[in-house]
Amino acid sequence: MDLEKSSQPAPRESPGLRGIPAQPESPVAAGAHGVHGVPARQDAAPEGCLAVAIRIPVRIVVLVLVVPVRMVWDALVVGGRFLRDALFRPLGRAFMWVFAPVGRAFVWLVEGIATVVAWVLTGFGYALAWLGKLVFVWPWVGLWRYVALPLGRALAWLGNVLLVVPAVWLYQRVLTPVGHGVVWALRGIGAGCAWLWRVSVVAPAGWIYRALLAPTGRGFAWAALGLWGAITWVGRGVWAGVTWASRGLWAGVVWVASGLWAGITWIGAGLWAAMTWIGRGIWAGVTWTAMVVGTLLRWIFVVPAVALWRWVLAPIGRGIAVVAREIGEALGHAWRVAGYISLAVGRFLGRLFRWIFVEPVRWAYKCVLTPVGHLVRDAVWRPAAEAARSVGRTTRQALASARETARQTRADIRRMLFGAPREPEPVPLSKPRSEPEPVLLAKPEPVLLAKPGGGPRSGPDRSRGEPVGAEARTLGSSTTALTKD
């Protein structure tokens, strides 16, 4: 039987995969899934008897083990929150309140020190830069500007006067005329030499070429052409013979090579057929041997391994997976149930603490301490505060009277020693005038002028102390500058 090709049973499709909610297999499982409002689990595949059998015992054991751990965890969380809100946060705020000014002061001090150091280093850098310029730059600049540059200009002027000007004069006045004369002389000598060359060399050479060399060259050319024609005819005959002999020799060589190649081809075909037959036999033997060895190895190793995996390891793995899944789900379920139990225990302990401690303290504060405090406030604190305020008021009045008495005493002593101070005389305020007073200008002939708005006014003189009454306002006493004298 071939175990590898045997079909495995296909898993049945769960109704939950088609949108239909899966129904619990048993009331026990349904009750286990619905504790404390936890919704029932919908499996993707129907559960086996192993999961149903181990679910309730595992959940009971895990719940018994997890409840103390969850209660201890919740107690630690509540204690940590209480310590955070009641101790660590106020302590941190106090540390911040104390150390924040210290940190800011330290930062301010460090920034101040850094600023001072930066100022000092900047000033030191400016001083070093100025000193470097003073020692290294400015001397060289002064040497260049006030020594080297004037000296160079003087040397340039001197060189121009001593060398350039005489050289230009010598070139313009002496060398240029001499050069022109030399060029004229050389041109004349060149023309004479050219005429002598044409007369003594070129003309005889032309005559010798036309009368002697050209006929002799033509004769040599005719003889060379005849000799080349003979050589060409002989060469053509020799080439034809060599070509005929080469063609016969090539035909013989081709015939011999064709026979030799036919023999080699026949021998090679026989050898290839023999090698092919031998190779096919060897391949068939190797293939048969490999099939036999492969079958033996398959039945010895592969089939037992597949059987071990399919009938031993896979069922054990599925069982372990079911147990691990149920343990994990039991841990989660037990953790949630332990949370509800811990919440109920915490509420019970909180209510018990409230009944034992908070309510008696609240009743004592409300029914005992508050009336006693009101009584102490109305009978003791308020009269004592009123008496203290009266004493303070009387003390302040007494101190004010003592200060006033001391001030009067100092004033009497000063009056007896230095006399009474002179009373300031009140300055009489003149009534508003309706028109300005006349102004007398110093001229050769005194002229009495009046400000704009009226002429010379007749009436009581204020300088003599005569009374001044209110005057009627007329057009002549207007303050508007209408006319000028």
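**A walk along helix α2**

Set aside the neighbours within four places in sequence, and Val 67 turns out to be in contact with Ala 338 and Ile 341. Keep in mind that this is a predicted model.

Now let's look at the surface. Here Phe 82, Leu 83, Leu 87, Phe 88, Leu 91, Phe 95, Trp 97, Val 98, Phe 99 and Val 102 form a nonpolar patch, with about 1,100 Å² of accessible area together. Take Phe 82, which sits in helix α2 (residues 49-418). Is Phe 82 buried or exposed? Its relative accessibility is 57%, so Phe 82 counts as exposed.

Next come the charged residues. Side chains of opposite charge can pair when their charged atoms come close. Searching the whole structure turns up eleven salt bridges. In one of them, Glu 404 meets Arg 407 at 2.5 Å, N to O. These two are three residues apart in helix α2, which means about one helical turn separates them. Both are partly exposed: Glu 404 has a relative accessible area of 36%, and Arg 407 has 42%.

Further along, Arg 415 and Asp 412 pair up too, at 2.9 Å from N to O. They are also three residues apart in helix α2, about one turn. Elsewhere, salt bridges with shared partners link Arg 84, Asp 85 and Arg 89 into one network.

What about disulfides? The count is zero. As for cysteines, Cys 193 is partly exposed at 49% relative accessible area, and Cys 367 is partly exposed at 42%.

Technical notes:
Residues numbered from 1 in each chain as written. Predicted model: local features only at pLDDT ≥ 70, side-chain atom pairs only at ≥ 80, totals over all residues. Heavy atoms only, no water. Patch = residues over 30% accessible without salt bridge, like charges linked within 9 Å, V, L, I, M, F, W, Y side chains within 5 Å. Areas by Shrake-Rupley, 256 points an atom, 1.4 Å probe, with all protein chains shown as cover. Salt bridge = Lys/Arg side-chain N within 4 Å of Asp/Glu carboxyl O. Helix = DSSP H or I, 4+ residues; strand = E, 2+ residues; numbered from the N terminus. Buried < 20%, exposed > 50% of the residue type's maximum accessible area, 1.4 Å probe, protein only. Contact = heavy atoms within 4.5 Å. Disulfide = S-S within 2.5 Å.
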